[in-house]
Amino acid sequence: MKKAIFSALLLARAVTQAAAASETYEINPENSSVLFKVRLLWTTNIEGRFYGGVSGRVSLDSDAPQKSIVKLEIKTATLNTGLSSLNNEIKGAAFLDVEKYPLITFKNTSTQRVNDQQYNLTGDLTFHGVTKHLTLRSNLIGQSKDSKGRAGSDIYLVIKRSEFGIKGYSPAIGDDIFLTIRVRN
């Protein structure tokens, strides 16, 4: 009987430790955003952000990063440059075409820990109806052990819009789009 109780306690401890190693967070659209920048006329940049439309789930296992899962969705209609006429141009058919392509998505297929604060996420990015397999750099910006379990990450990438079929306004608008995805729970 003592042996059975001891075995049950060991099993319970192992399950508890395994659960603690992996933490799952829902991405909070109110605290998350995507910043973007693209060159305009070789002299300045168009900058803006997608705000209020970033959602998804992160399940991070720091002990076994290969088991980590990141799913991200960005609603393209939430784009804001601060200028309504520019918003309408970018959201239109010549650039984002938000009516036809309402979401940008990313789902990882593998995760590699670089150090305690940095991970490389390899997966599929779908943008403007085109899916590309690529690697993103993710920097953890904080993991709080408070009762709210706050966590966040900044994800950086540069994509070529021409590779995703966006050719409008070339060459006046540059090909490289610089993105910073700020994910918070």
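Reader: Where is the place of Val 158?

Author: Val 158 lies in strand β10; a strand here is a DSSP run of E, at least two residues long, while a helix is a run of H or I of at least four, both numbered from the N terminus. A word on the source: this is a predicted model, in which local features need pLDDT of at least 70, side-chain atom pairs count only at pLDDT 80 or more, and totals for chains, interfaces and linings use all residues. Residues are numbered from 1 along each chain as its sequence is written, and side-chain values use heavy atoms, with hydrogens and water left out.

Reader: Why is Val 158 called partly exposed?

Author: Its relative accessibility is 48%. Buried means under 20% relative accessible area and exposed means over 50%, with partly exposed in between (1.4 Å probe, protein chains only). Val 158 therefore counts as partly exposed.

Reader: What does Val 158 touch, not counting residues up to four places away in sequence?

Author: Asp 176, Ile 177 and Phe 178, where contact means heavy atoms within 4.5 Å. Val 158 and Phe 178 are 20 residues apart in sequence, yet their C-alpha atoms are 4.6 Å apart in space.

Reader: What makes β10 and β11 a pair?

Author: Two strands pair if DSSP finds at least two bridges between them. Strand β10 (residues 151-160) and strand β11 (residues 173-184) have nine, in the antiparallel sense. As one example, Lys 160 has Asp 176 in β11 as its bridge partner.

Reader: Which strand pairs with β8 over eight bridges?

Author: That is β7 (residues 103-113), again in the antiparallel sense. A hairpin of four residues joins β7 to β8, and Asn 108 stands opposite Gly 123 in β8.

Reader: Which residues touch the most other members of the largest nonpolar core?

Author: Of its 36 residues, they are Phe 36, Leu 72, Leu 96, Phe 106, Leu 125, Phe 127 and Ile 159. The largest share, five residues, comes from β11. A nonpolar core is a set of buried Ala, Val, Leu, Ile, Met, Phe, Trp, Tyr and Cys residues joined through side-chain atoms within 4.5 Å. Leaving aside neighbours within four places in sequence, Leu 96 has contacts including Phe 50, Ile 90 and Phe 127.
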